[in-house]
Amino acid sequence: TGYSLLTLHGDAWHEQRRRMQGAFRKGAVANYLGDMKADTDTMIERWTRAPDATVAVTQEMSALTYSIVGKALFGANMENSGVLIHDALDIALAYVYRRIQSLVRLPLWGLTSRQRQFINAVRQFDTVVDQIIDQRLHDHSVQTDLLAKLTTAVDDAEQNQVPMTRQQLRNELVTLLLAGHETTANLMAWCLFELANRPALQ
């Protein structure tokens with residue numbers, strides 16, 4: 001994700017947190033509920049039309065949270081990129097986990113097939129995020145989502161009125177888009193698994 005709220009430390013982390021905290025206040029989060037409910041209702045309606053079908057819960061939760069993050073936080077329709085990002089995320093996470101566990105960590109020069117797959121996955125992330133940023137920067141209508149707050153983010157402590165750079169935007173969007181939707185999707189999938197095994201609680 002580059003240098004973002006997820007990976008920064010110390011003063012740099014505090015500065016970036018100050019710039020973003022307005023988007024996570026109670027009033028701002030309440031604005032996301034409409035998109036959350038609409039996408040969830042659409043998914044449930046699709047399930048009820050095929051009551052005997054087998055549902056791949058992990059994929060369904062991933063698609064749901066990815067769509068919600070795109071609409072609620074960035075004002076973007078993510079329908080066409082959902083499968084692409086899901087597959088790219090699987091490749092990227094598998095590579096990162098293997099790299100963490102490996103005693104020998106080769107430079108990321110694209111010399112192996114796994115490195116090339118990882119590099120390609122990152123490029124796919126960047127393509128999606130660049131499209132979101134470009135669309136917003138060329139849209140001069142009034143927006144109230146998280147991306148609008150990030151493009152006009154101000155350091156509250158210094159009041160320097162300096163918006164985030166494009167690279168900072170890219171890093172934060174990748175973090176929020178990937179980490180935000182993937183962790184929530186896993187949590188929801190496990191919750192449904194536990195409910196499925198406890199009929200008395202359904």
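User: Before we start, what do buried, partly exposed and exposed mean here?

Analyst: Buried means under 20% relative accessible area, exposed means over 50%, and partly exposed is in between. The structure is a predicted model, and the values below are computed from it.

User: Why is R166 called partly exposed?

Analyst: R166 has a relative accessible area of 36%. That value lies between the cut-offs of 20% and 50%, so R166 counts as partly exposed.

User: What makes R166 and D134 a salt bridge?

Analyst: A salt bridge needs a side-chain nitrogen of Lys or Arg within 4 Å of a carboxyl oxygen of Asp or Glu. In the pair R166 and D134, N and O are 2.8 Å apart, so the contact meets the rule. R166 lies in helix α8 and D134 in helix α6, so the pair ties together parts that are 32 residues apart in sequence. D134 is partly exposed, with a relative accessible area of 33%. D130 is linked with D134 and R166 in a network of salt bridges.

User: How many salt bridges does the rule give?

Analyst: The count comes to eight salt bridges. One of them joins D126 and R170, whose closest N and O atoms are 2.6 Å apart. This pair links distant parts of the chain, with D126 in helix α6 (residues 113-137) and R170 in helix α8, 44 residues apart.

User: Are D126 and R170 buried or partly exposed?

Analyst: D126 has 21% relative accessibility, so D126 counts as partly exposed. R170 has a relative accessible area of 14%, which is under 20%, so R170 is buried.

User: What separates K37 and D41 along helix α3?

Analyst: K37 and D41 are four residues apart in helix α3, which means they are separated by about one helical turn. Their side chains meet in a salt bridge, at 2.7 Å from N to O. K37 counts as exposed because its relative accessibility is 55%, and D41 counts as partly exposed at 35%.

User: Why is T175 called buried?

Analyst: T175 has a relative accessible area of 8%; the limit for buried is under 20%, so the label applies. T175 is in helix α8 (residues 166-196), and its side chain makes a polar contact with the side chain of S4 at 2.7 Å.

User: How do you know that P51 is exposed?

Analyst: The relative accessible area of P51 is 65%, and exposed means over 50%, so P51 is exposed. P51 lies in the loop between α3 (33-48) and α4 (57-74). The C-alpha atoms of P51 and Q167 are separated by 45 Å, and the two residues are 116 apart along the chain.

User: What makes V96, Y97 and I100 a patch?

Analyst: Patch residues need over 30% relative accessible area and no salt bridge, and nonpolar side chains are joined within 5 Å. V96, Y97 and I100 form such a nonpolar patch on the surface, with about 290 Å² of accessible area together. I100 has a relative accessible area of 54%, so I100 is over the 30% limit and is also exposed. I100 is in helix α5 (residues 82-101).

User: Which helix gives the most to the lining of the largest pocket?

Analyst: That helix is α4, with eight residues. α3, α4 and α5 each supply at least two residues of the lining. The lining has 21 residues, of which R46, E60, A63, L64 and S67 lie nearest the centre of the pocket. About 540 Å³ of space lies in this pocket.

How values were computed
Residues are numbered from 1 along each chain as its sequence is written. This is a predicted model: local features need pLDDT of at least 70, side-chain atom pairs count only at pLDDT 80 or more; totals for chains, interfaces and linings use all residues. Side-chain values use heavy atoms; hydrogens and water are left out. Patches are made of residues with over 30% relative accessible area and no salt bridge: like charges are joined within 9 Å, nonpolar side chains (Val, Leu, Ile, Met, Phe, Trp, Tyr) within 5 Å. Accessible areas come from the Shrake-Rupley method with a 1.4 Å probe; for residues, only the protein chains shown count as cover. Buried means under 20% relative accessible area, exposed over 50%, partly exposed in between (1.4 Å probe, protein chains only). A polar contact is a pair of N or O atoms within 3.5 Å; within protein, one must be able to donate a hydrogen and the other to accept it, and residues adjacent in sequence count only if both atoms are side-chain atoms. On a 1 Å grid over the protein atoms alone, a cavity is a set of points where a 1.4 Å probe fits but cannot get out, and a pocket is an open set with protein on both sides within 12 Å along at least five of seven lines; lining residues have an atom within 4 Å of a point. Grid points are joined across faces, edges and corners, and a volume is the space filled by probe spheres set on the points.
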